[in-house]
Amino acid sequence: AWNINGLPKDSFSVDNAVTIQNSNRWPLMIDPQNQANRWIKNTYTPLNLKVVKLTDNDFMRQLDNCIQLGLPLLIENVGEDLDPSLEPILLKNVFKQAGVEMIRLGDKIIEYSQDFKLFITTKLRNPHYLPEISTKVNLLNFMITSEGLQDQLLGIVVAKERPELEEERQALIITQAENQRALKEAEDKILFTLSSSEGNILEDEAAIETLDSSKLISDEISKKQKVAEETAKKIEASRQDYKPIAEYSAILFFCLNDLPNIDP
């Protein structure tokens, strides 16, 4: 699902995504190529993501609403300094008042929803954040890697030269993700049935029927997944014909990207 939403496939980006999903601190992402920004937007827009900049006139109002309503918030294009009003949020200084979780935001005390999520991105290539900031956030580097760029360029080239192949690949990615989700649901259903059954499960007709149907579904999905994997291999083999173009283009990109660093 991450790749479908625009996250590059390289291990560096995947590690960053795993960190974001499992860390207790809010992420501040170094994102000069807008990769993290695009991924966050694609992932959380269905959840009513709000996108703001620190310079927006309604920044505090949007922040207030998202915290109280439990909405995801993306603060994009920040510099090396963050708004002081974010400090209690970054530190998660949440306290209970009359049994309700609250947080102080500026001069106000507002209700804090545990569904609230905060994402921060900067386009600065090499920002220098003071310890007062870097210790309060999860500082992640989403600068494009050679591996990630090659994969993206390969997709662009194939989409241009063999559009039907790229369309099939994209459809296959979605199909595989759906198959994996359905397979997990079937497995969870089996586990739930086994754990919730009382007495001798062999005498529980409803449980036996549920297990049988779930097993059939699981087997069917596994077969579909194997077919999809074989198809994916064939598509990838065809895509590899265009890999040299992607490799040379990536090399050219990084060469041009490093030119400003040369001391004249």
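Domain 1 and domain 2 bury about 590 Å² between them, with 50% of that on carbon and sulfur atoms; buried area here is the accessible area (1.4 Å probe) that two parts lose on being put together, summed over both. On the domain 1 side, Ile4, Lys9 and Arg125 lose the most area to domain 2, together 64% of what that side buries.

Before going on, a word on what you're looking at: this is a predicted model, in which local features need pLDDT of at least 70 and side-chain atom pairs count only at pLDDT 80 or more, while totals for chains, interfaces and linings use all residues. Residues are numbered from 1 along each chain as its sequence is written, and side-chain values use heavy atoms, leaving out hydrogens and water.

The two domains run over 2–143 (domain 1) and 148–261 (domain 2), bounds that come from an automatic or database domain assignment. Their C-alpha centres lie 29 Å apart. Where they meet, eight residues of domain 1 are in contact with nine of domain 2 (heavy atoms within 4.5 Å). What about salt bridges across this interface? The rule finds zero, asking for a side-chain nitrogen of Lys or Arg within 4 Å of a carboxyl oxygen of Asp or Glu.

Lysine 53 sits in the loop between β2 (50–52) and α3 (59–69), and glutamate 76 in the loop between β3 (72–75) and α4 (87–90), 23 residues apart. Helices (H or I, at least four residues) and strands (E, at least two) are DSSP runs, numbered from the N terminus.

Now for the rings. There are five aromatic pairs, counted when ring centres of Phe, Tyr and Trp (its six-membered ring) lie within 6.5 Å; planes under 30 degrees apart are stacked, over 60 edge-to-face, the rest tilted. Tryptophan 26 and phenylalanine 116 have centres 5.7 Å apart and planes at 75°, so they pair edge-to-face.
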